[in-house]
Amino acid sequence: VNEICSDVVTKSIEKTLYSKYVRRELTALSENDREEFLDAFATLWKVSTQEGQELYGESYKSLYHFALVHNDAGGNPVCDEFHTGSGFINNHIYLGSYLEQVMRLVNPKVSLHYMEYGTYFSSSDYAKHQENQLDGGAWSELFTEKYFGSNDPYTGKITTGRWADLPLPYVTDDFLESEGISPTSTFFRDEESEWLSVSNPHITNPYGLLRGPWNYSPANYTLRFMNVNLFNDYENVDYAITNYYDGVDCDDYANFVDLVSGQSLYTLLSAVEDDVHGKVHFTLGGSGGSHCVETDQYLMDTYGFEWKDMVVIAQSSQRFFKEVIGTKDDWDVSGLDMVYPLDCSANPWVDGQLTSTAGPGEEGGPSCTCNSYYFEDSDKLLQLINTYFSDWVGSDSKQSLTLDLIYGLTFEQQVDVMSQLCGRFQIEGDLTGSGAATDPIFWVVHGGVERLMQKIYFDGVLTDYDYFEGNNNMCSGHLQYGMKDWLEGYKFQDTSIEAQFVTNDELTAYLNPLSDLYRDQIDFVYDHNDWNTICSGELF
């Protein structure tokens with residue numbers, strides 16, 4: 001910039017300016033910005049990759065391309081490529097950023113705006129929802145027709161707005177062709193050989209739907225229950241028990257900041273999923289299913305279980321079926337030294353063909369019982385009980401009181417209880433599993449956790465910023481020098497960089513908002529990092 005007086009340059013300054021897209025909190029958007037964002041966003045559900053490439057260019061990919069990447073990553077029987085490891089944050093941030101770049105092919109003005117969920121779960125509106133879990137999302141404007149639609153708390157179906165009645169796809173050869181996805185290879189080449197020895201290249205639920213493999217729902221629409229098995233009121237249940245389904249609030253943020261302060265980046269990366277994010281998915285996704293609800297009522301009527309016990313069972317069931325159903329064809333993958341615990345009817349999806357649309361508890365629907373091996377004597381039965389409730393064995397938690405109740409039953413009663421639990425078939429809302437990305441909420445909640453990470457960087461509370469993979473998850477999605485094949489086509493500001501050849505170590509370094517790498521390569525920033533407007537400035 002030059003200052004010129006009488007044709008003479010009297011002052012000159014030269015600076016480099018960087019232009020970036022701005023992601024904003026959803027409710028801060030103007031009406032016009034909100035509508036443009038939601039229209040472009042919903043287009044990705046409604047226009048296939050094949051159709052979209054004709055309309056918007058060859059770089060277009062539909063929502064279901066990205067959703068299948070996430071479902072394959074989290075639902076395969078080899079290892080979780082996206083979760084339970086140091087790569088959790090960079091996997092989800094880059095997946096969202098990639099979708100954002102595609103969304104701009106539809107409308108170049110939009111960004112992937114975010115839900116600052118700590119504010120929502122700390123609000124009086126959410127407290128009211130806790131007393132009426134069956135409100136279908138009425139507690140927040142985000143879960144109305146104006147944004148992402150309300151839901152039927154009994155069926156989990158989204159009933160209003162742009163996402164109402166949208167079908168969930170079956171992962172057939174025709175679907176893969178329409179999405180330009182190989183039917184014979186995976187998105188994760190480093191694990192592909194082992195993967196294909198125990199699984200198909202792409203993961204489905206037992207009905208062939210784009211949904212987690214442990215989710216026995218035949219519903220061909222995205223499930224969002226926002227309650228736990230029709231349990232309506234948390235008011236009289238200890239928070240220590242409901243916490244798993246109670247969102248992430250400002251107290252959780254504060255506890256997390258205390259945890260990571262004075263620690264390494266590895267502490268942040270290994271704790272962030274469980275401590276300040278995962279519960280958002282479990283709370284909003286929820287769980288249900290008529291067969292599950294009937295089973296719960298039987299247990300309460302017959303053995304005196306209370307609602308607090310059923311919440312513990314819901315949490316334990318989610319983990320048990322994810323761990324067990326997902327490894328049915330190769331039980332050794334689980335690492336558990338025990339006989340496979342279930343005896344289930346054949347999946348209704350056989351050789352790429354759907355043989356039944358009946359759900360659990362319906363005539364012709366799938367069924368599971370406990371492996372009869374565990375009913376031979378009390379020691380074997382105890383092993384099954386402790387596996388189902390493994391999170392609470394030997395603990396002094398409030399949840400362990402439910403386990404004590406079961407320990408106190410007779411052998412015959414324990415057999416009946418475990419028979420009911422093995423065949424309970426709790427249906428998880430899609431947000432709680434590997435099929436989460438089919439719900440639009442999935443894409444707007446990761447901005448909240450990224451902003452928290454950025455604030456921790458800004459305030460310099462970590463001792464180092466070196467990526468370390470640890471030993472919790474050793475697949476390519478988390479290894480320090482692992483790479484992401486599915487990032488092919490993603491564009492950094494320097495378009496000569498091929499994203500699929502950038503390591504997790506480097507990808508994480510790019511996300512440091514104080515770095516030259518972020519400045520030079522990342523194409524978005526957040527609207528603000530003023531935590532006084534979020535949690536009363538108490539975090540830092």
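**Figure 1. Helix H3, residues 63–75, in its surroundings.** In this predicted model, local features need pLDDT of at least 70 and side-chain atom pairs pLDDT 80 or more, while totals for chains, interfaces and linings use all residues. Residues are numbered from 1 along each chain as its sequence is written, and side-chain values use heavy atoms, leaving out hydrogens and water. Since 13 of the 13 residues are buried, H3 is largely enclosed by the rest of the structure; buried means under 20% relative accessible area with a 1.4 Å probe, protein chains only.

**Figure 2. Helix H11, residues 265–276, and its cover.** Have a look at the buried residues here, among them Leu-265, Leu-268, Leu-269 and Val-272. Their cover includes helices H4 (88–106), H10 (250–260) and H18 (440–459), with contact meaning heavy atoms within 4.5 Å. H11 has 12 residues and reaches 15 Å, close to the 16 Å expected.

**Figure 3. The hairpin of strands S1 and S2.** Strands are DSSP runs of E, at least two residues, and two strands pair if DSSP finds at least two bridges between them. Four bridges join S1 (residues 2–5) to S2 (residues 8–12), and the strands run antiparallel. Cys-5 has Val-8 as its bridge partner. Two residues separate the strands, and Ser-6 in the turn has a positive phi of about 55°.

Terms used: The expected span of a helix is 1.5 Å times one less than its number of residues. Buried means under 20% relative accessible area, exposed over 50%, partly exposed in between (1.4 Å probe, protein chains only).
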